[in-house]
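Student: I would like to go through the assignments in this model one by one. For each, please set the value against the cut-off and conclude.

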Amino acid sequence: MTTTTRPDERPGLPAHSRSFGARLAAGAATPGGAVYVLVLVLLVSIIISNPNFGEPGALIRFAGRTAPIAIAAMGQYYVIVSGEFDLSMGAVVTTQVVIAGNMAGDDSSQVVPVLVLMLVVGALIGLVNGLVTTLLRVPSFIVTLGTMLALFGFLRYRAGVAPAGNPVDEFREIGRGGIQDVPVVEVIPYPLIIVVVLATLAAFSMRRPFGRSLVATGDNPDAARLGGTSVWWVKTRAFMISSLSATVAGIILVGYAGGRAVGQGYEFSAITAVVVGGVVLGGGRGWVLSAAAGAYALELLFVLLTVLHVPSTWRDSVQGLIIIVAVAASARVWQVGRRGGAPPPTTEPDPINDPINDPTTDSATPTPPTPGTHQGEHR
Amino acid sequence: MKRHATRRIFAAAAALTLLAACGSDSDDSSSDDSDQWYVQADFDEQNAQRDATFEGDPATPWLQYIDGEMTDTAAFASPGAKKVCFANASVSNPWRQTGFLTMQQQLEVLVGQGAISEMETRDAQDDDNTQIADIDYFISEGNCDAFIISPNSTAAITPAVERACETGKPVVVFDRGVETDCATTFIHPIGGYAWGIDTAEFLVDNLEEGDKVIALRILPGVDVLETRWAAAEKILDENGIEHEDHFTGADPTEIKKIISDALVQGDVDGVWMDAGDGAVAAIEAFEDAGVDYPVMTGEDEMSFLRKWEDTGLTGLAPVYSNFQWRTPLLAVQMIFAGQPVPAEWVLPQTPITEDERAEYLAANEGLPDGHYAKFGGEDLPGFPQVWIDREVG
Amino acid sequence: MRGRSAGLSSTAIVYLVLLATTVVGAVLTATVGRNFFSSGNISAILTATSILGLIAIGQTLVILVGSLDLSVPYVVSLASIIGGTTMAGESGNIVPAVLLTLAVAAAIGLANGLVVSQLHVHGFIATLGVGLVVSGYIGTNYQGSSGSAPKAFRAVDEAKIGPVPVSVLIMLALAALAFLMLSRTRIGHHMYAVGGSPEVARLSGLRTSPPVVVAHVLCSVLAGVAGLLLLSRLSVGSPTIGSQGGYDLLSIAAVVLGGTLLAGGRGGIVGTLGGVAIFAVMDNTMGALEVNPFLKDVVRGVIIIAAVAVYARRNLQVRPARFDRSVPPAPAGSTPPPAQEVR
């Protein structure tokens with residue numbers, strides 16, 4: 001069963017050798033592809049409901065403001081695809097917002113040092129999460145839950161409930177500003193540029209050996225280990241990427257909105273975005289760009305609810321139904337794909353995924369294991 | 001296998017339908033639930049209290065009260081320093097934090113005067129169940145001479161407050177109320193309706209009929225917040241101001257998105273908030289969209305006052321008097337001195353207008369954005385450093 | 001079966017940790033001039049275990065079958081509201097109110113279970129989604145405390161036998177039932193089997209859905225009981241009481257602190273009760289010391305990680321060379337497999 005796993009940009013689609021159109025259609029029928037269709041459908045529904053949202057200026061601003069959650073979702077993707085969770089993301093965002101507010105308060109010469117400090121802090125938190133998970137063998141759900149409690153508690157204890165204020169305007173420009181006077185769209189927000197650059201890097205990284213080891217690790221850690229992957233280091237890097245992405249999200253958010261109370265619940269938003277993007281909790285399957293698309297789909301859904309004047313108290317319910325349906329649908333598609341609706345991908349054998357000597361790999365059961373609760377037998 | 005899969009889908013679809021059905025059943029009952037929070041008598045009472053005469057020195061508003069029934073405390077009169085037990089709902093937002101800092105400095109003064117020996121604090125972290133346990137713990141283990149309770153919610157904490165009253169010791173309740181009058185005194189500013197009336201009247205005065213107001217609310221189900229909107233909504237409706245309300249969780253990101261989306265859909269002429277958290281984000285959304293500032297009501301939080309001054313928008317800072325956090329300990333001192341205290345101690349609650357803004361900005365210069373202008377602690381020891389460092393507990 | 005034997009041994013560590021926590025707590029409490037073992041304090045600690053205990057028992061079942069339940073806070077809130085509004089202060093309504101509440105809770109659990117087992121949605125997302133649905137329903141329809149509990153019902157929470165509150169006895173009785181179910185019944189054994197290795201369970205001819213669905217239903221029903229107990233304590237139904245307590249993550253933490261494997265298949269009720277008690281003793285001690293509420297969270301976070309790391313380390317040392325979970329269980333005295341493959 002490990003053979004169906006393919007990292008991001010090498011989707012082992014049956015349609016690999018067919019025409020572009022056919023490949024597109026086949027791609028859209030996978031969970032990672034369907035999310036783009038979902039984005040499109042939501043976008044069209046919004047524009048039909050209120051044409052104002054279709055104006056280029058409105059669209060680009062929307063794309064810009066959704067950047068932080070998309071970035072966080074891509075970061076969370078690395079952790080999830082390696083078979084783990086990162087619940088500390090929201091606490092990391094808040095940590096960074098407090099650092100920015102307290103240390104880059106009114107001195108613009110502090111912007112660069114503070115940014116560096118924030119990235120270092122982000123990397124360190126990720127390193128701790130990763131090492132405790134891999135070396136001390138504590139489930140990441142618990143590690144990052146503990147990190148979340150500890151970080152939130154420490155922040156509030158030291159800094160009070162709120163940062164002293166917003167960081168200087170130069171700092172906030174990163175999240176609030178953009179390239180002005182652009183034809184048609186008026187402005188290109190910096191966050192949009194950041195998310196595009198990071199998405200490109202992410203897509204690239206998933207084609208590299210690191211990305212492939214990551215997916216292999218999530219799919220079957222034992223096989224990955226036997227294949228020579230340093231599982232602890234691969235996962236630890238995933239946690240660092242996750243925390244760093246939360247850091248970047250924090251940098252943008254403190255610019256976009258400033259203030260306090262930013263970041264609470266961000267981990268749930270990010271995880272939701274990742275699964276709406278067709279990435280499977282439990283690891284081993286899903287595309288990084290689909291995670292970002294999942295974030296866009298969710299935010300579009302919220303806009304649609306606003307446009308349709310759904311009472312704000314009902315939005316939780318709608319969101320709840322949508323994520324269940326989205327994930328159920330993708331579970332079905334993965335399942336059908338694996339049941340032999342398609343022949344096994346024809347790509348070259350992957351030594352990392354070779355299940356030899358792995359007592360737990362049961363190639364006789366190519367169905368997703370348990371009812372929903374286990375995405376792979378290696379949970 | 002195929003049939004099996006189909007059956008599964010049916011089963012699961014049935015489950016989801018079940019959930020959805022739970023939802024749709026309620027539609028009929030839900031339509032008028034906002035009325036749950038609107039009590040005409042309370043509205044009228046608080047409306048009248050806005051113009052009432054307060055007894056006492058306006059320089060110490062935390063000791064002012066509206067003339068009314070007094071509790072005779074002669075039976076409590078006794079010499080010596082007393083131990084106070086404080087069951088606090090939480091310090092999880094800047095308003096409560098500012099208040100708690102003020103309370104601790106007030107405590108320092110009273111300890112110095114020999115009126116109070118110590119204050120033991122238990123913090124319920126926003127949980128009714130924890131607060132009930134905290135109060136019961138105080139009753140059985142605390143060796144308390146008096147109880148101060150800042151209830152996490154009104155109805156749920158009532159039985160525990162009654163148990164505290166049954167000890168025969170003085171009980172001081174402040175901020176949110178409880179559904180019993182057994183407490184020696186219940187200290188609170190005028191209330192949520194007054195907030196709603198002040199803010200909605202300001203919007204009505206500065207807007208035209210048919211203008212649109214976005215109401216940014218923190219979360220549903222909290223009475224002190226619900227009554228603010230209930231009163232405001234009523235007045236806005238009566239005056240033909242269009243409005244739509246959103247729950248934001250006080251998250252500035254959420255606030256900015258809501259305003260941005262509203263601006264894409266059409267003009268927004270006014271913004272109403274049930275607390276000042278995130279007011280700046282709301283204002284910035286107008287800036288980023290390149291449209292005129294709205295008429296706006298925030299709160300006396302420094303971040304809003306500063307942004308208000310910078311932008312010069314038409315605004316009002318309603319106040320839920322933070323200085324009420326000084327009153328409970330002073331009340332305990334009075335009670336053990338045998339001085340009568342108001343049974344319901346209604347403190348003044350006056351919004352900060354544009355004319356008064358400069359004065360409050362100057363008085364609170366250098367204090368952080370999460371500080372509240374009407375905190376009333378300028379004469380306490382440690383000012384201003386304690387409110388800058390913000391170390392709670 | 002193997003889960004039972006493994007559960008016993010890790011349970012011993014849990015109770016050693018509880019003992020250590022208690023000793024440290026008693027000493028620290030004494031330093032501020034309090035008696036940790038006074039009947040008032042014991043009663044306070046016990047009361048603190050009742051609500052979280054009920055929810056954690058249910059969460060244990062769900063985690064044993066390899067799922068999670070993030071919807072518990074909303075079930076708790078809804079239960080307190082439905083109970084409160086149905087009773088409406090009349091003692092004659094208590095029985096129908098309790099039955100209705102538990103039926104609604106069971107229906108939510110059924111939805112969770114079916115979404116997880118039939119639609120193959122990960123428990124995390126399924127229960128998050130169902131929880132959000134319920135949350136929206138509550139938020140739309142109940143904007144403040146609703147209904148009221150009659151005096152007779154409020155007596156449930158107030159009653160005590162010696163220093164032991166009746167609410168704790170209810171929790172312990174349900175814990176005993178859950179324990180018996182897991183150790184003596186077919187469905188209990190199947191829960192361990194499905195959680196331990198769904199593949200092996202399936203290959204050995206087990207239908208994997210029923211244990212998952214049953215665990216979810218029981219978990220929601222127990223959350224419903226917790227909601228009713230809170231109704232009895234608060235005297236009114238509250239739309240936010242479940243979220244206030246943060247019972248979703250806290251109950252999962254308590255279960256894991258009790259030595260149950262987050263991946264499922266190993267652990268048990270007795271350990272979970274130990275985990276809940278550790279939390280209660282810790283909170284009680286920090287309360288007596290007037291620890292800053294935010295620092296309490298730091299301590300909780302560190303303790304959770306440290307405790308689970310200790311369990312995991314011990315597992316590493318005793319783990320046989322090539323054992324893995326598809327291999328038949330080690331005899332009693334061994335411990336769960338390394339948590340690394342877990343989550």
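Student: What makes Trp95(B) count as being in contact with Gln324(B)?

Tutor: This is a predicted model, and contact in it means heavy atoms within 4.5 Å. Trp95(B) meets that criterion with Gln324(B), and so do Phe174(B), Asp175(B), Ile187(B), His188(B), Pro189(B) and Leu347(B), leaving aside neighbours within four places in sequence. Gln324(B) itself is found in the loop between strand E13 (315-316) and helix H12 (327-336) of chain B.

Student: Why is Gln324(B) called buried?

Tutor: The relative accessibility of Gln324(B) is 0%. Buried means under 20%, so Gln324(B) is buried.

Student: How do you know that the side chain of Gln324(B) has a polar contact with Asp175(B)?

Tutor: The side chain of Gln324(B) reaches the backbone nitrogen of Asp175(B) at 3.3 Å. The cut-off for a pair of N or O atoms is 3.5 Å, and 3.3 Å is within it, so the pair counts. A polar atom of the Gln324(B) side chain also lies 3.3 Å from the backbone oxygen of Ser321(B).

Student: Why is the link between Cys85(B) and Cys144(B) called a disulfide?

Tutor: The S to S distance is 2.0 Å. A disulfide needs the sulfur atoms within 2.5 Å, so the pair qualifies. The link is left-handed, with -90° about the S-S bond. Cys85(B) is in strand E4 (residues 82-88) of chain B and Cys144(B) in the loop between helix H5 (128-141) and strand E6 (146-149), 59 residues apart.

Student: Are Cys85(B) and Cys144(B) buried or exposed?

Tutor: Cys85(B) has 0% relative accessibility and Cys144(B) has 3%. Both values are under 20%, so both residues count as buried.

Student: What makes Cys165(B) and Cys182(B) a disulfide?

Tutor: Their sulfur atoms are 2.0 Å apart, and the limit is 2.5 Å, so Cys165(B) and Cys182(B) form a disulfide. With 70° about the S-S bond, this link is right-handed. Cys165(B) belongs to helix H6 (residues 154-166) of chain B, while Cys182(B) sits in the loop between strand E7 (171-174) and strand E8 (185-189), 17 residues apart.

Student: Why is Cys165(B) called buried, and why is Cys182(B) called partly exposed?

Tutor: Cys165(B) has a relative accessible area of 16%, which is under 20%, so Cys165(B) is buried. Cys182(B) has 31%, which lies between 20% and 50%, so Cys182(B) is partly exposed.

Student: How many disulfides does a search of the whole structure find?

Tutor: Two, over all chains. With the bonded cysteines of chain B numbered in sequence order, the pairing is 1-2, 3-4.

Note on methods. Residues are numbered from 1 along each chain as its sequence is written. Chains are lettered from A and ligands numbered from 1 in the order in which they are written. This is a predicted model: local features need pLDDT of at least 70, side-chain atom pairs count only at pLDDT 80 or more; totals for chains, interfaces and linings use all residues. Side-chain values use heavy atoms; hydrogens and water are left out. Helices (H or I, at least four residues) and strands (E, at least two) are DSSP runs, numbered from the N terminus. Buried means under 20% relative accessible area, exposed over 50%, partly exposed in between (1.4 Å probe, protein chains only). A polar contact is a pair of N or O atoms within 3.5 Å; within protein, one must be able to donate a hydrogen and the other to accept it, and residues adjacent in sequence count only if both atoms are side-chain atoms.
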